[in-house]
Amino acid sequence: MRIIALTCILLSAQCPVLNAQDSLASPRHPQPLAPDSATAPCPADEARYRLRTVVLDAGHGGKDIGCNGEDAHEADVALAIIKDLGHQIEENMPNVRVIYTRKTNVFIELDERAAIANRNHADLFISVHCNAGPKGSRGTEVWTMGLHKTTANLGVAQRENSVILQEKNYTQRYDGFDPRSPQSHILFSLFQSAYITNSLRLAQRIDRQFRTSVGRSSRGVKQAGFLVLWKSTMPSVLVEAGFLTDRSEENYLDTQAGQQAIAGGIYRAFREYKRDLEGTRGE
(Lines give C-alpha, C1' and ligand atoms only; values in the text may rest on other atoms or scores of the structure.)
Protein backbone atom coordinates (compact mmCIF):
# COMPACT_ATOMS: atom_id res chain seq x y z
CA MET A 1 0.00 0.00 0.00
CA ARG A 2 2.96 2.34 0.64
CA ILE A 3 4.02 1.81 -2.97
CA ILE A 4 0.59 2.92 -4.19
CA ALA A 5 0.61 6.02 -1.98
CA LEU A 6 4.11 7.01 -3.11
CA THR A 7 3.20 6.52 -6.76
CA CYS A 8 0.14 8.75 -6.34
CA ILE A 9 2.26 11.53 -4.85
CA LEU A 10 4.84 11.31 -7.61
CA LEU A 11 2.23 11.23 -10.35
CA SER A 12 0.36 14.22 -8.95
CA ALA A 13 3.57 16.21 -8.80
CA GLN A 14 4.45 15.45 -12.41
CA CYS A 15 1.01 15.64 -13.99
CA PRO A 16 -1.26 18.45 -12.75
CA VAL A 17 -4.97 18.19 -13.40
CA LEU A 18 -5.64 19.52 -16.88
CA ASN A 19 -7.90 22.40 -17.81
CA ALA A 20 -10.05 22.63 -20.91
CA GLN A 21 -7.30 23.79 -23.27
CA ASP A 22 -4.35 21.96 -21.67
CA SER A 23 -2.40 19.24 -23.41
CA LEU A 24 -3.21 15.60 -22.75
CA ALA A 25 0.32 14.48 -23.55
CA SER A 26 1.98 12.24 -20.98
CA PRO A 27 4.97 13.53 -18.97
CA ARG A 28 7.24 11.84 -21.53
CA HIS A 29 5.87 14.14 -24.23
CA PRO A 30 5.44 17.62 -22.70
CA GLN A 31 3.75 20.25 -24.83
CA PRO A 32 6.35 22.66 -26.25
CA LEU A 33 6.71 25.96 -24.44
CA ALA A 34 5.60 29.05 -26.32
CA PRO A 35 8.69 30.60 -27.95
CA ASP A 36 9.85 34.16 -27.39
CA SER A 37 8.06 35.95 -30.21
CA ALA A 38 10.89 38.46 -30.53
CA THR A 39 13.57 35.88 -31.15
CA ALA A 40 12.09 32.62 -32.38
CA PRO A 41 8.66 32.85 -33.99
CA CYS A 42 7.04 29.48 -34.46
CA PRO A 43 4.02 28.58 -36.63
CA ALA A 44 0.98 27.93 -34.43
CA ASP A 45 0.52 24.57 -36.08
CA GLU A 46 3.88 23.27 -34.83
CA ALA A 47 3.19 24.21 -31.21
CA ARG A 48 -0.36 22.85 -31.13
CA TYR A 49 -1.00 19.65 -29.21
CA ARG A 50 -1.98 16.64 -31.32
CA LEU A 51 -3.67 13.47 -30.12
CA ARG A 52 -1.56 10.93 -31.94
CA THR A 53 -2.10 7.53 -30.29
CA VAL A 54 -5.17 5.81 -28.87
CA VAL A 55 -5.21 2.35 -27.29
CA LEU A 56 -8.43 0.36 -27.68
CA ASP A 57 -9.08 -2.39 -25.17
CA ALA A 58 -11.68 -5.13 -25.62
CA GLY A 59 -12.52 -6.41 -22.15
CA HIS A 60 -11.96 -10.02 -21.10
CA GLY A 61 -11.04 -12.71 -23.67
CA GLY A 62 -9.70 -16.27 -23.81
CA LYS A 63 -10.33 -18.18 -20.60
CA ASP A 64 -12.13 -15.10 -19.22
CA ILE A 65 -15.39 -14.80 -21.16
CA GLY A 66 -16.80 -12.08 -18.89
CA CYS A 67 -20.53 -11.96 -18.26
CA ASN A 68 -23.07 -13.92 -20.29
CA GLY A 69 -26.46 -13.42 -21.81
CA GLU A 70 -28.55 -16.33 -22.99
CA ASP A 71 -26.40 -16.61 -26.10
CA ALA A 72 -23.77 -13.85 -26.12
CA HIS A 73 -20.49 -13.60 -24.23
CA GLU A 74 -19.07 -10.27 -23.09
CA ALA A 75 -15.60 -11.00 -24.49
CA ASP A 76 -16.98 -11.51 -28.01
CA VAL A 77 -19.28 -8.48 -28.02
CA ALA A 78 -16.62 -6.16 -26.60
CA LEU A 79 -14.11 -7.31 -29.23
CA ALA A 80 -16.55 -6.71 -32.08
CA ILE A 81 -17.27 -3.17 -30.84
CA ILE A 82 -13.59 -2.35 -30.37
CA LYS A 83 -12.63 -3.62 -33.83
CA ASP A 84 -15.38 -1.56 -35.45
CA LEU A 85 -14.35 1.52 -33.46
CA GLY A 86 -10.74 1.04 -34.51
CA HIS A 87 -11.76 0.69 -38.13
CA GLN A 88 -13.67 3.98 -38.02
CA ILE A 89 -10.72 5.83 -36.50
CA GLU A 90 -8.24 4.31 -38.94
CA GLU A 91 -10.44 5.10 -41.93
CA ASN A 92 -11.27 8.69 -41.00
CA MET A 93 -8.18 9.76 -39.03
CA PRO A 94 -5.08 8.41 -40.78
CA ASN A 95 -2.82 10.54 -38.57
CA VAL A 96 -4.00 8.76 -35.40
CA ARG A 97 -2.20 5.54 -34.52
CA VAL A 98 -4.62 2.87 -33.24
CA ILE A 99 -3.25 0.14 -30.98
CA TYR A 100 -5.33 -2.82 -29.79
CA THR A 101 -4.72 -4.71 -26.57
CA ARG A 102 -6.21 -7.71 -28.35
CA LYS A 103 -7.73 -8.41 -31.77
CA THR A 104 -8.52 -12.08 -31.18
CA ASN A 105 -10.06 -14.20 -28.43
CA VAL A 106 -7.03 -14.29 -26.12
CA PHE A 107 -6.55 -13.65 -22.41
CA ILE A 108 -4.59 -10.48 -21.54
CA GLU A 109 -3.81 -9.62 -17.92
CA LEU A 110 -5.22 -6.32 -16.70
CA ASP A 111 -1.86 -4.77 -15.91
CA GLU A 112 -0.54 -5.75 -19.34
CA ARG A 113 -3.43 -3.92 -21.01
CA ALA A 114 -2.36 -0.70 -19.28
CA ALA A 115 1.30 -1.49 -19.95
CA ILE A 116 0.59 -1.67 -23.70
CA ALA A 117 -0.76 1.88 -23.53
CA ASN A 118 2.14 3.12 -21.41
CA ARG A 119 4.82 1.55 -23.60
CA ASN A 120 3.34 3.19 -26.67
CA HIS A 121 3.04 6.61 -24.98
CA ALA A 122 -0.67 6.65 -25.73
CA ASP A 123 -2.65 9.85 -25.37
CA LEU A 124 -5.90 8.02 -24.59
CA PHE A 125 -7.10 4.61 -23.39
CA ILE A 126 -10.63 3.34 -24.16
CA SER A 127 -11.85 0.02 -22.73
CA VAL A 128 -15.18 -1.56 -23.77
CA HIS A 129 -17.17 -4.08 -21.70
CA CYS A 130 -20.73 -5.35 -21.28
CA ASN A 131 -22.64 -5.33 -18.02
CA ALA A 132 -24.53 -7.81 -15.84
CA GLY A 133 -27.13 -7.14 -13.21
CA PRO A 134 -30.42 -8.14 -11.60
CA LYS A 135 -33.66 -8.28 -13.57
CA GLY A 136 -34.62 -4.87 -14.89
CA SER A 137 -31.05 -3.56 -15.16
CA ARG A 138 -30.65 -1.78 -18.51
CA GLY A 139 -28.66 1.00 -20.12
CA THR A 140 -25.16 2.13 -20.96
CA GLU A 141 -22.62 3.37 -18.43
CA VAL A 142 -19.35 5.25 -18.95
CA TRP A 143 -16.81 5.01 -16.16
CA THR A 144 -13.68 6.88 -15.20
CA MET A 145 -11.25 6.23 -12.40
CA GLY A 146 -12.34 7.70 -9.08
CA LEU A 147 -13.80 7.04 -5.69
CA HIS A 148 -16.90 4.85 -5.84
CA LYS A 149 -19.70 6.83 -4.25
CA THR A 150 -22.17 3.97 -3.78
CA THR A 151 -22.16 0.29 -3.01
CA ALA A 152 -23.42 -0.35 -6.56
CA ASN A 153 -20.39 1.45 -8.04
CA LEU A 154 -18.08 -0.63 -5.88
CA GLY A 155 -19.84 -3.79 -7.03
CA VAL A 156 -19.25 -3.02 -10.71
CA ALA A 157 -15.56 -2.32 -10.09
CA GLN A 158 -15.19 -5.50 -8.02
CA ARG A 159 -16.79 -7.60 -10.76
CA GLU A 160 -14.54 -6.23 -13.51
CA ASN A 161 -11.43 -6.42 -11.31
CA SER A 162 -12.06 -10.00 -10.16
CA VAL A 163 -10.46 -11.29 -13.36
CA ILE A 164 -7.05 -10.89 -11.68
CA LEU A 165 -7.92 -13.89 -9.53
CA GLN A 166 -7.24 -15.92 -12.70
CA GLU A 167 -3.72 -14.47 -12.98
CA LYS A 168 -0.60 -15.93 -11.40
CA ASN A 169 0.94 -14.03 -8.47
CA TYR A 170 -1.69 -11.31 -8.65
CA THR A 171 -0.90 -10.01 -5.14
CA GLN A 172 2.67 -9.28 -6.19
CA ARG A 173 1.71 -7.90 -9.62
CA TYR A 174 -0.83 -5.49 -8.15
CA ASP A 175 1.04 -4.39 -5.01
CA GLY A 176 -1.11 -6.45 -2.65
CA PHE A 177 -4.41 -5.29 -4.15
CA ASP A 178 -7.38 -7.50 -3.22
CA PRO A 179 -10.34 -7.14 -5.63
CA ARG A 180 -12.70 -8.25 -2.85
CA SER A 181 -11.61 -5.48 -0.48
CA PRO A 182 -13.35 -2.04 -0.48
CA GLN A 183 -10.25 -0.57 1.20
CA SER A 184 -8.05 -1.59 -1.74
CA HIS A 185 -10.37 0.17 -4.19
CA ILE A 186 -10.39 3.37 -2.17
CA LEU A 187 -6.59 3.57 -1.93
CA PHE A 188 -5.65 3.04 -5.53
CA SER A 189 -8.50 5.11 -6.96
CA LEU A 190 -6.43 8.24 -6.20
CA PHE A 191 -3.81 7.20 -8.76
CA GLN A 192 -5.62 8.62 -11.78
CA SER A 193 -6.33 12.03 -10.23
CA ALA A 194 -3.92 13.76 -12.62
CA TYR A 195 -6.03 12.71 -15.62
CA ILE A 196 -9.54 12.87 -14.21
CA THR A 197 -10.56 16.14 -15.87
CA ASN A 198 -9.98 14.91 -19.40
CA SER A 199 -11.21 11.41 -18.64
CA LEU A 200 -14.52 12.91 -17.54
CA ARG A 201 -14.57 15.18 -20.58
CA LEU A 202 -14.44 12.18 -22.92
CA ALA A 203 -16.85 10.13 -20.78
CA GLN A 204 -19.47 12.89 -20.92
CA ARG A 205 -19.21 13.08 -24.70
CA ILE A 206 -19.61 9.32 -25.06
CA ASP A 207 -22.63 9.33 -22.76
CA ARG A 208 -24.24 12.16 -24.75
CA GLN A 209 -23.72 10.29 -28.02
CA PHE A 210 -25.31 7.15 -26.56
CA ARG A 211 -28.36 9.12 -25.40
CA THR A 212 -28.81 11.16 -28.59
CA SER A 213 -27.41 9.83 -31.85
CA VAL A 214 -27.40 6.16 -30.81
CA GLY A 215 -30.68 6.40 -28.93
CA ARG A 216 -29.77 4.11 -26.04
CA SER A 217 -30.98 4.24 -22.46
CA SER A 218 -28.20 5.72 -20.31
CA ARG A 219 -27.31 5.21 -16.67
CA GLY A 220 -24.85 8.10 -16.84
CA VAL A 221 -21.19 8.82 -16.22
CA LYS A 222 -19.81 7.23 -13.07
CA GLN A 223 -16.58 6.81 -11.16
CA ALA A 224 -15.06 3.80 -9.43
CA GLY A 225 -11.78 1.97 -9.06
CA PHE A 226 -10.97 -0.14 -12.12
CA LEU A 227 -7.61 -1.89 -12.27
CA VAL A 228 -7.43 -1.60 -16.05
CA LEU A 229 -7.62 2.21 -15.69
CA TRP A 230 -5.45 2.40 -12.57
CA LYS A 231 -2.08 1.78 -14.20
CA SER A 232 -2.64 3.71 -17.42
CA THR A 233 -0.70 6.97 -17.36
CA MET A 234 -3.10 8.90 -19.60
CA PRO A 235 -6.79 9.87 -19.64
CA SER A 236 -8.90 6.73 -19.81
CA VAL A 237 -12.50 5.55 -19.82
CA LEU A 238 -14.31 2.24 -19.48
CA VAL A 239 -17.55 1.83 -21.44
CA GLU A 240 -20.26 -0.60 -20.37
CA ALA A 241 -22.18 -0.97 -23.65
CA GLY A 242 -25.29 -2.51 -22.09
CA PHE A 243 -26.57 -5.42 -20.00
CA LEU A 244 -26.22 -8.86 -21.54
CA THR A 245 -28.42 -10.11 -18.70
CA ASP A 246 -31.33 -8.13 -20.19
CA ARG A 247 -32.74 -10.06 -23.14
CA SER A 248 -33.63 -7.01 -25.24
CA GLU A 249 -30.21 -5.44 -24.75
CA GLU A 250 -28.49 -8.75 -25.48
CA ASN A 251 -30.45 -9.01 -28.73
CA TYR A 252 -29.23 -5.53 -29.67
CA LEU A 253 -25.59 -5.97 -28.65
CA ASP A 254 -25.28 -9.40 -30.25
CA THR A 255 -25.93 -7.99 -33.74
CA GLN A 256 -23.56 -6.29 -36.15
CA ALA A 257 -25.91 -3.31 -36.41
CA GLY A 258 -25.96 -2.82 -32.63
CA GLN A 259 -22.21 -3.20 -32.31
CA GLN A 260 -21.60 -0.71 -35.11
CA ALA A 261 -24.01 1.77 -33.55
CA ILE A 262 -22.23 1.61 -30.17
CA ALA A 263 -18.84 1.93 -31.88
CA GLY A 264 -20.15 4.85 -33.92
CA GLY A 265 -21.25 6.70 -30.80
CA ILE A 266 -17.83 6.25 -29.19
CA TYR A 267 -16.12 7.34 -32.41
CA ARG A 268 -18.13 10.56 -32.69
CA ALA A 269 -17.38 11.39 -29.05
CA PHE A 270 -13.68 10.68 -29.65
CA ARG A 271 -13.71 12.96 -32.69
CA GLU A 272 -15.32 15.81 -30.71
CA TYR A 273 -12.88 15.34 -27.84
CA LYS A 274 -9.87 15.36 -30.17
CA ARG A 275 -11.02 18.47 -32.03
CA ASP A 276 -11.74 20.38 -28.84
CA LEU A 277 -8.35 19.63 -27.29
CA GLU A 278 -6.43 20.32 -30.46
CA GLY A 279 -8.36 23.50 -31.13
CA THR A 280 -9.26 22.30 -34.62
CA ARG A 281 -13.07 22.49 -34.44
CA GLY A 282 -14.29 23.81 -37.76
CA GLU A 283 -11.00 23.23 -39.56
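**Sheet and salt bridges of the predicted model**

Strand β1 (residues 53-58) and strand β3 (residues 124-131) run parallel and are joined by 5 bridges. Strands here are DSSP runs of E with at least two residues, helices are runs of H or I with at least four residues, and both are numbered from the N terminus. Two strands pair if DSSP finds at least two bridges between them. Leu 56 stands opposite Ile 126 in β3.

This is a predicted model, in which local features need pLDDT of at least 70 and side-chain atom pairs count only at pLDDT 80 or more, while totals for chains, interfaces and linings use all residues. Residues are numbered from 1 along each chain as its sequence is written, and side-chain values use heavy atoms, with hydrogens and water left out.

The open sheet has 6 strands in the order β2-β1-β3-β6-β4-β5, with mixed pairing. Strands β2 (97-100) and β5 (218-224) stand at the edges. Each has a single partner strand, so one side of each lacks a neighbour in the sheet. On average, neighbouring strands of this sheet are turned by 20° against each other, direction ignored. Axes are lines fitted to C-alpha atoms, for helices over the stretch in contact, and angles run from 0 to 180 degrees between N-to-C directions.

Two helices that pack on the sheet are described here. Helix α8 (residues 196-211) touches β3, β4 (140-145), β5 and β6 (236-243). The direction of α8 makes about 175° with that of β4. Helix α11 (residues 256-278) touches β1, β3 and β6, and its direction makes about 155° with that of β3. Contact means heavy atoms within 4.5 Å.

The structure holds 14 salt bridges, each a side-chain nitrogen of Lys or Arg within 4 Å of a carboxyl oxygen of Asp or Glu. One of them joins Arg 219 to Glu 141, with the closest N and O atoms 2.7 Å apart. This pair links distant parts of the chain, Arg 219 in strand β5 and Glu 141 in strand β4, 78 residues apart. Arg 219 is partly exposed at 36% relative accessibility, whereas Glu 141 is buried at 2%. Buried means under 20% relative accessible area, exposed over 50%, and partly exposed in between (1.4 Å probe, protein chains only).

Within helix α8, Asp 207 and Arg 211 are 4 residues apart, so about one helical turn separates them. Their closest N and O atoms lie 3.0 Å apart in a salt bridge. Asp 207 is buried at 7%; Arg 211 is partly exposed at 43%.
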